[in-house]
Amino acid sequence: VEFPHYSEASIAVANEIANLIKEKDKKGEYCVLGLATGSSPIKVYEELVRLHKEEGLSFKHVVTFNLDEYYPMDKKNLQSYNHFMQEHLFAHIDIKDENIHIPNGELAYEDIHDFCLNYEEKIASFGGLDLQLLGIGRTGHIGFNEPGSHFNSGTRIITLDHITRVDASDSFLGIDNVPRRAITMGIATVRKAKRIILLAWGQHKAEIVKETIEGEISSEVPATYLQSHENTTFILDYEAGSQL
Ligand code: GLP
């Protein structure tokens with residue numbers, strides 16, 4: 001689906017999420033959201049905060065699982081995805097702290113494996129993700145599933161692609177400060193979501209969007225794995241869709 005501008009697109013996505021939250025709430029069920037970071041979802045979160053403040057949308061029965069976090073990464077660090085989520089969403093809504101899950105970048109290396117298994121089990125214990133929000137990296141990564149990621153991959157520690165570290169270098173004030181690894185949900189974790197919405201804005205995403213939608217399914221462009229998911233929508237602005 002293409003929109004002229006990302007702000008209208010983001011409002012439409014926020015409305016879909018809000019409706020899902022309300023629908024599940026009516027049935028007395030938790031809404032389980034998979035959330036993304038990066039610049040792409042910022043306006044969606046801004047609109048959800050507005051719906052909370054101005055229209056009484058409640059997040060009391062919302063459970064969230066974030067896609068990824070750098071490793072190693074202190075939660076308090078300004079570049080952490082923990083900090084990002086607090087700043088753009090969690091600090092402004094009525095979600096309960098115990099319902100927020102974000103991969104832990106502070107773990108000792110030997111504890112990561114168990115943490116990742118537990119992350120998968122927790123998602124399953126809530127009945128799986130109702131909706132997963134995604135951005136896309138220029139390498140075709142979703143979450144931090146870089147080229148080479150396996151179709152069946154679960155939550156795990158990965159090594160970041162050089163291009164991804166270059167793209168992150170501005171916010172880290174230099175590539176040397178960008179962590180070399182990250183903990184990310186896997187392709188299988190994401191694909192188990194009942195609904196997937198991928199956001200892409202701007203000319204710099206046009207080429208990878210084309211490869212993702214029109215290219216062959218391949219681990220070289222992990223986002224192509226979404227082609228075979230039956231309930232995925234790509235939400236694009238005209239620029240990101242310009243090569244289709
Ligand atoms: C990071 C995140 C991804 C995100 C990507 C694109 O690598 N781990 O989840 O999709 O950046 O970022 P942006 O939305 O800023 O273009």
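Which residues does Val-13 touch, not counting residues up to four places away in sequence?

1. Val-13 touches Val-44, Ile-197, Leu-199 and Ile-235, a contact being two C-beta atoms, placed from the backbone, within 7 Å. The model is predicted: local features need pLDDT of at least 70, side-chain atom pairs count only at pLDDT 80 or more, and totals for chains, interfaces and linings use all residues. Residues are numbered from 1 along each chain as its sequence is written.

2. Val-13 is also among the residues with the most contacts inside the largest nonpolar core, which has 64 residues. Such a core joins buried Ala, Val, Leu, Ile, Met, Phe, Trp, Tyr and Cys residues through C-beta atoms within 7 Å; buried requires 20 or more other C-beta atoms within 10 Å of the residue's own. Helix H1 (residues 6–26) gives the most to this core, with six residues.

3. The chain has seven helices and ten strands, taken as DSSP runs (H or I, at least four residues; E, at least two). Its C-alpha trace spans about 45 × 45 × 35 Å along the principal axes. Of the 244 residues, 41% are buried.

4. Among contacts with a separation of 6 or more, 79% join residues 24 or more positions apart.

5. Around the ligand there are 13 residues, of which Gly-38, Ser-39, Ser-40, Gly-135 and Gly-137 come nearest; the criterion is a C-beta atom, placed from the backbone, within 6 Å.

6. An unreviewed UniProt entry annotates residues 8–233 as "domain: Glucosamine/galactosamine-6-phosphate isomerase"; such annotations may be inferred rather than shown by experiment. Over residues 8–233 the chain is 34% helix and 15% strand, with the end C-alpha atoms 16 Å apart.

Definitions and conventions: Buried ≥ 20, exposed ≤ 12 C-beta atoms within 10 Å, placed from the backbone.
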